[in-house]
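Q: I would like to learn how to read the features of a structure, one at a time. Could we start with pockets and then go on to strands and rings?

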Amino acid sequence: MAIGEAARAADQPAAILIDEVQYLNDEDLRALIVSLHRISQRALPLLMFGAGLPQLAALSGEAKSYSERLFDFPAVGPLDETATRDAVRVPIEEAGAEIDDDALAEIAERTEGYPYFLQEWGAHSWNVAPTSPVTRQDVVSASGKATAALDASFFRVRFDRLTPREQAYLRAMAELGPGPHRSGEVAAKLGIAVTSAGPLRTGLIRKGMIWSPSHGDTAFTVPMFDQFMFRKMPDWRRGSGEGVRG
């Protein structure tokens with residue numbers, strides 16, 4: 001409210017940008033929604049842009065029932081084929097080099113259009129290529145380094161926030177493929193009752209590891225995490241242990 005009042009006094013609009021909104025606790029999320037509702041009612045020149053994982057709309061609705069009337073929730077997914085190719089090709093061309101179509105197709109397939117993965121594959125392919133243009137073989141050669149970089153940072157940061165039982169839940173999900181999967185299928189693969197798996201699933205949704213695209217379905221929030229779980233827990237079998245440490 002104070003920012004909105006200051007913006008009106010200065011006769012200047014203001015914007016607040018918040019990332020990872022899904023990590024706000026219930027009290028803070030409710031307070032944010034109530035404040036923005038009052039700002040709207042008073043027509044203060046303040047906008048809020050928030051980014052978060054797909055469960056954000058549901059979390060907002062649980063926090064305050066009127067949030068669906070207060071906010072728009074546009075979906076931001078993977079880049080389409082044209083944008084995926086441009087995201088890699090344009091910076092390379094601006095640097096005075098080229099990349100062939102087969103290399104772009106290989107990067108698009110491996111990254112599934114996920115923007116951060118495009119950065120990793122693009123950077124490592126550029127570093128591996130001895131000359132211009134960057135070729136498909138350069139991309140293939142760079143893929144091991146790109147995957148290792150993701151495992152050491154992007155995926156590892158998420159994995160290290162999990163309990164051993166949560167690790168086992170995601171490893172069981174990985175056995176079923178990229179998803180989405182029915183919650184009962186994951187529980188069966190894990191070897192426990194659906195009622196016992198429920199709290200694990202809820203905790204993983206809260207941690208931003210999985211989300212529910214429709215009632216009873218469960219999916220990873222980032223692509224390729226199922227493949228990472230195979231690399232991280234290669235010897236896991238149902239009943240062979242809860243998770244890994246170290």
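Q: Which helices and strands each supply at least two residues of the lining of the largest pocket?
A: This is a predicted model. In it, helix H2 (26–41), strand E2 (46–50), helix H3 (56–63), H7 and H8 each give at least two residues to the lining of the largest pocket. H2 provides the largest share, 6 residues.

Q: How many residues line the largest pocket, and which are the closest to its centre?
A: The space in the largest pocket comes to about 1600 Å³. It is lined by 46 residues, and Gly50, Ala51, Gly52, Leu53 and Val76 are the closest to its centre.

Q: How many residues of each class does that lining have?
A: The lining of the largest pocket has 31 nonpolar residues, 9 polar ones and 6 charged ones.

Q: What is the volume of the second largest pocket, and which residues line the second largest pocket?
A: The second largest pocket has about 260 Å³. Its lining consists of Pro54, Gln55, Ala58, Leu59, Glu62, Thr202, Ile205, Arg206, Trp211 and Ser212. By class, 5 of the lining residues are nonpolar, 3 are polar and 2 are charged.

Q: Trp211 is in that list. Which residue is the bridge partner of Trp211 in E5?
A: The partner is Ala219. Strand E5 (residues 217–220) runs antiparallel to E4, and 2 bridges join them.

Q: What is the order of the strands in the open sheet?
A: The order is E3-E5-E4, a sheet of 3 strands with antiparallel pairing. Strand E3 (181–182) and strand E4 (210–211) are the edge strands, as each pairs on one side only.

Q: Now the rings. What describes a pair of aromatic rings?
A: Such a pair is described by two values, the distance of the centres and the angle of the planes. In this model the count is 12 aromatic pairs.

Q: Why is the pair of Tyr116 and Phe154 called stacked?
A: The ring centres of Tyr116 and Phe154 are 5.4 Å apart and the planes stand at 20°, so the pair counts as stacked; the cut-off for stacked is under 30 degrees. Tyr116 belongs to helix H7 (residues 115–128) and Phe154 to helix H8 (residues 136–159), so this pair links distant parts of the chain, 38 residues apart.

Q: Is Tyr116 buried, exposed or partly exposed, and how does Phe154 count?
A: Tyr116 has a relative accessible area of 29% and is therefore partly exposed. Phe154 has 10% relative accessibility, so Phe154 counts as buried; buried means under 20%.

Q: What are the distance and angle for Phe155 and Phe228?
A: Phe155 and Phe228 lie 5.1 Å centre to centre with 25° between the planes, and this aromatic pair is stacked. Phe155 is in helix H8 and Phe228 in helix H12 (residues 225–232), 73 residues apart, which again links distant parts of the chain. Phe155 is buried at 0% relative accessibility, and Phe228 is buried at 3%.

Q: Which residues form one aromatic cluster?
A: The cluster is formed by Tyr114, Tyr116, Phe117, Phe154, Phe155, Phe159, Phe220, Phe225 and Phe228.

Q: Which residue has its charged end over the ring of Phe154?
A: That residue is Arg158, whose charged end sits 3.9 Å from the centre of the ring.

Methods. Residues numbered from 1 in each chain as written. Predicted model: local features only at pLDDT ≥ 70, side-chain atom pairs only at ≥ 80, totals over all residues. Heavy atoms only, no water. Phe/Tyr/Trp six-rings, centres within 6.5 Å; stacked < 30°, edge-to-face > 60°. Helix = DSSP H or I, 4+ residues; strand = E, 2+ residues; numbered from the N terminus. Buried < 20%, exposed > 50% of the residue type's maximum accessible area, 1.4 Å probe, protein only. Lys NZ or Arg CZ within 6 Å of the ring centre and 35° of its normal. 1 Å grid on protein atoms, 1.4 Å probe; cavity = no way out; pocket = protein on both sides within 12 Å on 5 of 7 lines; lining within 4 Å. Points joined across faces, edges and corners; volume = space filled by probe spheres on them. Nonpolar A, V, L, I, M, F, W, Y, C, P; charged D, E, K, R; others polar. Pairing = 2+ DSSP bridges.
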